[in-house]
Amino acid sequence: MAGDGDLRAFFETLPLGFYVIDGGGRIADANHHGHTSLGYTRAELLQLGVADITQDLDHATVRKRSRVKPALPPTCLMRHKSGALHPVDAHFEVRAVDGHDTLFLLTQEPDAANPAQLRLRRLTKLYQALSEINQAIVRMEDETRLFPLVCQVAVDLGGMKMAWIGRPSADGARLEPAMAYGSGTAYLDGIELPLASRQPGPAATAWQEARNVIINDFQASAATRPWHEAAARYGWNSSGSFPILRGGRPFALLGVYHERVGAFDEAAIALLDEMARDIAFALDNFDRAREHGKAIAALRVSEEKFSKIFHNSPNPISISRLADGVVLEANEAFMRATGRGRDEVVGRSTLDLGLWAQPEERQAIVAQLRAHERVLNREVIFLTAAGAQPFLVSAELIALGEESCVVIVAQDISSLKQALAALHDQKQFLDSILEHEPECVKVVAPNGELLQMNRAGLAMLEIHSIEEARRVGLTGFIAPQHRKPFAEFHQRVCAGESGTLEFLVRGKNGTDRWLETHAAPLRNAYGNITGLLGITRDVTAKKRSEELIWRQANFDLLTGLPNRFMFHERLEHEIRNTQRSGKMLALIFLDLDDFKAVNDTLGHATGDRVLIDAAQRIASCVRTSDTVARLGGDEFTVILPQLHDTTDVDRIAAAIIARLKEPFAPAEDHGAIFLSASAGITVYPADGRDADSLLKNADQAMYAAKQRGRNRFSYFTPALQVQAQARQELLGDLRRALATGQLALHFQPIVDLADGRLVKAEALLRWQHPERGLISAGEFIPLAEETGLILPLGEFVFQEATRWASRWAALRPQGLQVGVNISPAQLHSDALDLDAWFARLAQLGLPGTCLVAEITESVLLEADMDVAEKLARLRAAGLQMAIDDFGTGYSALSYLKHFPVEYLKIDQTFVRDLETDAHDRALSDAIIVMAHRLGLKVIAEGVETEAQRSLLAAAGCDYGQGYLFSRPVPGEEFEALLKNP
């Protein structure tokens, strides 16, 4: 390439990869697309070998494959500089250059990147193969040439890797290969394909059942297990077996193999099926030709007999010498046609009589008679007494004595031709309309016999001729449940009505279609109904669309269970049934415990698999008459109708709870997942008279089960209703508290234990209820987190804390840190606007270091990417981080290595008994030592006595917070503490 400038420029502009590999497997040259598509410069690529840029090809393998000429280029994996692999279509060629073998490699991005193009290419090849076979069938006179041609065309033009034709053995016990072509024909050597096996392979199944058998994943199919090893050796990944019929019965089998998994889609199968049918048609044609020959022989005998009584024939008949055309005998019809007497005709040549409008016609007939001894139905023009008229002539060569003579029988077809011409014009006109009509047009007799059907109708029934439809009968294609409505519809139309009917049919190949037919009666000239005319269209797509819309509206797309909408319909239906029967109905409301952690830690795909498994487990515990539904998320319901008592309810609820506690293993890359479930149960009519009441009360019972420790079920009681109502009232009051200024921040000092200085403060939210007085944060914060109110509450805390911090900055120029508690629900919410927080700090002129973000250990242990990013942004803005209530819930401390934490706040449960409990004192000391080793400061919460302060200071604790120093106080009082430390 380097020596020819024009050629070099051409290859440099090619959008294909081009590589030159020397005899040692080193890359000697490459064009621009070749090295850039792999991420190399040309210089880098020329330092590599062919094995460095391919996944599974070394130099020797490439050279070996390059000598094979496949119908389609093979596919190999190319390795990018980054290590990524991508498939390409590869073309190999080995040429001698300067006496050495040199490999030329051309790569092209495969059509697999565009499945539509790949499918089009495969179908185009199959269309070519089908066309070639059909053209050959038209030309072929000897059936022995048919099967070799079919195998060759299927491989060379159809894209198959190997094709073979099988025929039954002499005893009919097995299939034996009769012809094969393509790569891997050795696979058929000694192959055993018994036809009477209990577990027949694809080929035997196709033969026995006279149907196509498609294996789209050869290596995964149990039906092909005996041949997996051989198929892998020859690179076959899918196969098709197509029976070839002769006289309506299996005669041979066409087997084809392809290197791709899933190569036989619906269109490819249809083309190969049509190929098999066309072959069967050709075989039947050969049989019909033989029968036709027998019929001709019988006709010759019949004509010899007929010639003895030709004088009585109404058609002109003459006997003349073959050599000169002299008439030896003629019947009366001949005399009448020519307008001559017998004396004028006999003894004279037909040419002399001027009978032939075109004398060469007689010469052609004579020549044909000499060659074949017979002429049948040849149309000629005779000059008769009435003028030039068309006649249909049949001639037979006979021997009279030692002389060759010709018997000519002529039929005047002038009237017939005129009538046929008129009928032909009308038929062509009507046929053109029918055959080009995209919808089915059919004519049916009153007795149900099919009289006419166009091509579109035959296609809907998957048949090729109206005779086939007549043999089966129209009702034979109609689904059993629609046959009676169809018969009644037919009777109404034959009685004079017009109408429309939808019904389901199954085609000959097994395809189900929904059809919509519009039918009207047909009347003759006297007004009598002689049949019906039907116009039918395929409405399968519409029906499937309607069914899909219905399923999407009524069923959960993930689990396939009824959704909330259908659940309500079923529940209301069962309530009505229960009212009539007087029995009981129970409703179970289920919620998976801690399911959110699965989504947060393992991803939603794993969570979806858990939900699918959970749905199946729940369904396995109930009766067929019960209804399992998914309301959304991890919430499920079970309707148990027609109960005598609650014994079955307890058993089913306990079984469901037990099944859901079993480990989930949704994927190989995750270990077992352990979950549990909480369930609430309501009973009709005791716990509610309508669906909404039952569901609401079951939800409350489920919530009570969670409060009692989860992994259990709880029945609804009136007390739960009271609790739920109180909870709703508290939630309503909390919403009003935000709007009416009932919330305020109190600040609790944090002092340096070494010198007693007030150095920090924790901002604590307080709610002064106008009727209930001061409500503790422990009572309303969990409610706020459940309902989403924690977000506006958190925003209020941040705004107030920064307002006071800005005010106190003048009193403490050296800085005063204010701790702000941030809820896990805030960090997990997309609504948390950190940009607004940073803008607030900038507006007040506050550095981020004036705030400490106080979070719990669980936030860091369960931090996903989104939470980690938010914490990182807070740290980048200068905020420090404190772990609140340290040591109360988790023992894993590895998170301290991954997140920048400045403070550990020892929970007050460790501080409370420091004076009397050596164990608590040891734990506190250990926490302090560990924190200092990690470079962290320690704040002790709940310090209430001087003795506690002394013990903590002696242990090296940095800061203290508690009633010993001050209770949480309003901002104004805290400001006074700052002014008078």
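**Aromatic rings, helices and backbone in a predicted model**

A search of the whole structure finds 20 aromatic pairs. A pair of aromatic rings is described by the distance of the centres and the angle of the planes. For Phe747 and Trp808, the centres are 4.9 Å apart and the planes stand at 80° to each other, an arrangement that is edge-to-face. This pair links distant parts of the chain, for Phe747 belongs to strand E26 (residues 743-752) and Trp808 to helix H27 (residues 790-808), 61 residues apart. Both Phe747 and Trp808 are buried. Elsewhere, Tyr187, Phe218, Tyr234, Trp236 and Tyr257 form one aromatic cluster.

Aromatic rings can also be considered together with charged side chains. Arg551 lies over the face of Phe555, at 4.3 Å from the ring centre. In a second case, the ring of Phe664 has the charged end of Arg617 over it, 3.7 Å from the ring centre.

The next subject is the packing of helices. Two packed helices are described by the angle between their axes and the distance between the axes. Helix H27, which contributes Trp808 to the pair described above, can be examined with helix H29 (residues 834-844): their axes come within 10 Å and cross at roughly 20°. Because angles under 35 degrees count as roughly parallel, H27 is roughly parallel to H29. The crossing in which H27 passes H29 is right-handed.

How do the axes of helices H22 and H23 cross? The axes of helix H22 (residues 604-620) and helix H23 (residues 647-661) come within 9 Å, and the crossing angle is roughly 150°. Angles over 145 degrees count as roughly antiparallel, and H22 and H23 are therefore roughly antiparallel to each other. The crossing of H22 and H23 is right-handed.

In helix H26 (residues 777-787), Phe780, Leu783 and Ala784 are buried. Seen down the axis of H26, the buried residues fall within an arc of 105°, so they line one face of the helix. Just after H26 comes Gly788, whose phi is positive, at about 90°.

That last value leads to the backbone itself. Most residues other than glycine have a negative phi, and most peptide bonds are trans.

Tyr684 and Pro685 are joined by a cis peptide bond, with omega about 5°. Pro685 has its place in the loop between strand E24 (676-684) and helix H24 (691-707).

Key. Residues numbered from 1 in each chain as written. Predicted model: local features only at pLDDT ≥ 70, side-chain atom pairs only at ≥ 80, totals over all residues. Heavy atoms only, no water. Buried < 20%, exposed > 50% of the residue type's maximum accessible area, 1.4 Å probe, protein only. Helix = DSSP H or I, 4+ residues; strand = E, 2+ residues; numbered from the N terminus. Arc of directions from axis to C-beta. Phe/Tyr/Trp six-rings, centres within 6.5 Å; stacked < 30°, edge-to-face > 60°. Lys NZ or Arg CZ within 6 Å of the ring centre and 35° of its normal. Axes fitted to C-alpha atoms, helices over the stretch in contact; angles between N-to-C directions. Parallel < 35°, antiparallel > 145°, perpendicular 65-115°, else oblique. Left-handed = near helix turned anticlockwise from the far one by under 90°.
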